[in-house]
Amino acid sequence: MKTVRLPSGEQVPALGQGTWYMGEDRSARKAEVAALQLGLDLGLTLIDTAEMYAEGGAEQVVGEALVGRRDQAFLVSKVYPHNASRQGAIAACERSLKRLKTDHMDLYLLHWRGQHPLAETVEAFEALQRAGKIRHWGVSNLDLADMQELWRVPGGETCAANQLLYNLGRRGIEWDLLPWLRERGVPVMAYSPIEQARLLGHKGLQDFARRHGMTPAQAALAWLLAQEGVIAIPKSASPARVRENAAAREITLNPAQLAELDQLFPPPGRPVPLEML
Ligand SMILES: NC(=O)c1ccc[n+]([C@@H]2O[C@H](COP(=O)([O-])OP(=O)(O)OC[C@H]3O[C@@H](n4cnc5c(N)ncnc54)[C@H](OP(=O)(O)O)[C@@H]3O)[C@@H](O)[C@H]2O)c1
């Protein structure tokens, strides 16, 4: 199974599971828990959530899915920017841990940049690390200038990941941010890897997938898995689609197939402002 190396040297699965929109509807809860557990069984053990998703509801779903099997997962959650002060991030983390029914997270991310200075957020993350409540910390939706600023903050260069919008149709980060992160060994967690299913309606991708004996979702995920230092976190609450997505790990796109996808979804030819959803 393909893994990606964190700056600490630890390897994590290159394909994980997202949870946005889980926990919104009580009647869907059982199915969401079951989908995450199926994913765990299939080795999609990196699970991404956030205090924002269903205002804690998604973390509760994850907590339920992990009962009795917390050690099988690499658990990622995120703090709201407005909570990311020196004290606020600590309190938010403790609330998240309660919902997640665990005493620690593997990775805790600043969800996007807000009004609190990065130095304060990093201080809070370091205090959480010292207390054993988080193992690694990272960021999300930070562009190149933000990352450069983070690198000037004391302790900032221990950032373990940047979670970014990255998929076949959103390749802007390849211009400068992705190379900058690669040079420093910081993985990208590619969110919305199938553009919330919108990418699957792309005629060219559908045709590519049909000709090469895969589904459009598998083609999009296999393309991300072919990128060095990239972790993809598709979300699905359907067992069939969890299996379909997991099977993307069995596909290695060859150079000709990668070139075909470059034709359909050209890489950026100039700087592109960071996109987010
Ligand atoms: N840091 C950030 O700011 C940020 C922003 C967005 C997302 N994220 C994280 O990244 C994760 C993934 O992104 P996302 O949820 O926005 O979008 P996504 O994973 O690209 O797409 C999820 C959507 O696609 C459907 N789907 C999944 N697999 C499919 C398949 N094989 N065929 C057809 N439809 C499929 C899902 O429906 P079903 O559930 O019904 O299968 C769901 O509606 C999130 O869940 C979240 O954890 C982070």
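Me: How do you know that strand 3 and strand 4 are joined, and in which sense do they run?

Reply: Strand 3 (residues 46-48) and strand 4 are joined by three bridges, and since two strands count as paired if DSSP finds at least two bridges between them, they are therefore a pair. The two strands run parallel, and Ile47 stands opposite Leu75 in strand 4. This is a predicted model, in which local features need pLDDT of at least 70 and side-chain atom pairs count only at pLDDT 80 or more, whereas totals for chains, interfaces and linings use all residues. Residues are numbered from 1 along each chain as its sequence is written. Helices (H or I, at least four residues) and strands (E, at least two) are DSSP runs, numbered from the N terminus.

Me: Why is strand 4 called mostly covered?

Reply: Six of the six residues of strand 4 (residues 74-79) are buried, a term that calls for 20 or more other C-beta atoms within 10 Å of a residue's own, while 12 or fewer make a residue exposed and counts in between partly exposed, the C-beta atoms being placed from the backbone. In a regular strand the side chains alternate between the two faces of the sheet. Here Phe74, Val76 and Lys78 point one way from strand 4, Leu75, Ser77 and Val79 point the other way, and all are buried.

Me: What makes helix 2 largely enclosed?

Reply: Eight of the nine residues of helix 2 are buried, so the helix is largely enclosed by the rest of the structure. Gly57, Ala58, Glu59, Gln60, Val61, Val62, Gly63 and Ala65 are the buried residues, and what covers them includes helix 1 (29-41), strand 3, strand 4 and helix 3.

Me: How do you know whether Cys93 is buried or exposed?

Reply: Cys93, which lies in helix 3, has 25 other C-beta atoms within 10 Å, so this residue is buried by the limit of 20 or more. Leaving aside residues up to four places away in sequence, Cys93 touches Val79, Tyr108, Leu128, Lys133 and Ile134, where a contact needs C-beta atoms, placed from the backbone, to lie within 7 Å. Cys93 and Ser77 are 16 residues apart in sequence and 8.7 Å apart in space, C-alpha to C-alpha.

Me: Why is Gln196 counted as partly exposed?

Reply: Gln196 has 16 C-beta neighbours inside 10 Å, a value that falls between the limits for exposed and buried residues and is therefore partly exposed. Gln196 is found in the loop between strand 8 and helix 7, and has a positive phi of about 55° although it is not a glycine.

Me: Why are helix 7 and helix 8 called roughly perpendicular?

Reply: The axes of helix 7 (residues 203-211) and helix 8 (residues 216-225) come within 8 Å and cross at roughly 90°. These axes are lines fitted to C-alpha atoms, for helices over the stretch in contact, and angles run from 0 to 180 degrees between N-to-C directions. Angles under 35 degrees count as roughly parallel, over 145 as roughly antiparallel, 65 to 115 as roughly perpendicular and the rest as oblique, and the two helices are therefore roughly perpendicular to each other. Leu205, Gln206, Phe208 and Ala209 of helix 7 make the contact with Pro216, Gln218, Ala219 and Ala220 of helix 8.

Key
Two residues are in contact if their C-beta atoms, placed from the backbone, lie within 7 Å.
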